[in-house]
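Have your viewer ready and the selection tool at hand.

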Amino acid sequence: MADDKADGNPAEEVQVPIIEENEHKQAEVPTKKNIIPGKFFQVKRVSGLLSVVSFVFSLPVLSSVIWLLYMKSYDCEWLFKLPSLQIGISIGLICVFFICNAALFLRARMQMVGIVVVMVPLTVMFTIGLAFLGANSMENRRIPATPLWFEMKIHDNELWSNIKECIYDTGVCRDLALTSTKLKSYDFSMKKLSSVESGCCRPPADCPLQYVNATFWEKNDQMQTDSDTYNPDCDLWKNDRDALCYDCLTCRQGYMKALRSKWLKLGVFLVCMALLLISSHLSLFLVTMWELHIS
């Protein structure tokens, strides 16, 4: 009996610390489980918000397609074959819209595939936008609707001959003359003219010519001109309504300015939307990877 009591005391002493240690571990486990779900649901909330933001950012891309398809082409724009480019860009933007939204569904299963698939068209979209703005070092005269391309078209005499006839057929200068018959010199000078009206329907402002009406100007001998800064377009001006200043460089520049303004706006839109979509999808990719790491 004494031996049993002596043998029983150490066993009880060993079991007590073991039980206490197990109770201590079981008390620690719930605290870890409480921390992880809190972080998980917080990251889940952020990823859901970024998904909504990415979808909202893709909606203007689809809206721009409607704008491009239904927007009326500028006068004589068909001579540059730009309407075909306009349709091609519209189809490309539709593809960007569907790819961006398809990547939102792929992110949970194939994160790397989704981010690569969405970044390729967005990078192309960003590059094309820079080319339209003339800010891309890769821009050259072969890329349509870029500033260098328009500059090349200005000096194409064969093409300009067709454009000149087309501008005349639209009756831009004829309409200007009809709406300005009662205007005096000062009133006409304050009239807001389009770049085509200013460049093709009236002589340059620095020419020694005096206003009679919108399309008829007399030579003013009292005006002094500097031979070093003399504008050669002054000699090209004719009071014949079939000629006017259609052969002037200012007419070419004015028409190209009006034509290029639409593509500059499109370039700004493409660059801004590409940057917004790239930022939102990259942020969503990083949050998704973090979400998988803590889950």
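Start by selecting Lys-262 and Gln-86 in this predicted model: their side chains make a polar contact at 2.9 Å. Colour helix 10, residues 249-294, and you will find Lys-262 within it. Is Lys-262 buried or exposed? Lys-262 is buried, because its relative accessible area is 14%, and the cut-off for buried is under 20%. Now show what surrounds Lys-262: apart from neighbours within four places in sequence, Lys-262 is in contact with Trp-67, Met-71, Glu-77 and Gln-86.

Next, turn to the cysteines. How many disulfides does the structure hold? There are five, and counting bonded cysteines along the chain gives the pattern 1-2, 3-5, 4-10, 6-7, 8-9.

Select Cys-76 and Cys-166, whose sulfur atoms are 2.0 Å apart in a disulfide. Cys-76 sits in the loop between helix 1 and helix 2, and Cys-166 in helix 5, so this pair ties together parts 90 residues apart in sequence. The link is left-handed, with -100° about the S-S bond. Cys-76 is buried at 4% relative accessible area, and Cys-166 is buried at 14%.

Move on to Cys-173 and Cys-201, a disulfide with sulfur atoms 1.9 Å apart. Its S-S torsion is about -85°, so this disulfide is left-handed too.

For the last stop, pick Cys-200 and Cys-251, another disulfide, with 1.9 Å between the sulfur atoms. This link is right-handed, at 90° about the S-S bond. The pair joins helix 8 to helix 10 across 51 residues, and both cysteines are buried.

How values were computed: Residues numbered from 1 in each chain as written. Predicted model: local features only at pLDDT ≥ 70, side-chain atom pairs only at ≥ 80, totals over all residues. Heavy atoms only, no water. Helix = DSSP H or I, 4+ residues; strand = E, 2+ residues; numbered from the N terminus. Buried < 20%, exposed > 50% of the residue type's maximum accessible area, 1.4 Å probe, protein only. Polar contact = N/O pair within 3.5 Å; in protein donor to acceptor, adjacent residues only side chain to side chain. Contact = heavy atoms within 4.5 Å. Disulfide = S-S within 2.5 Å.
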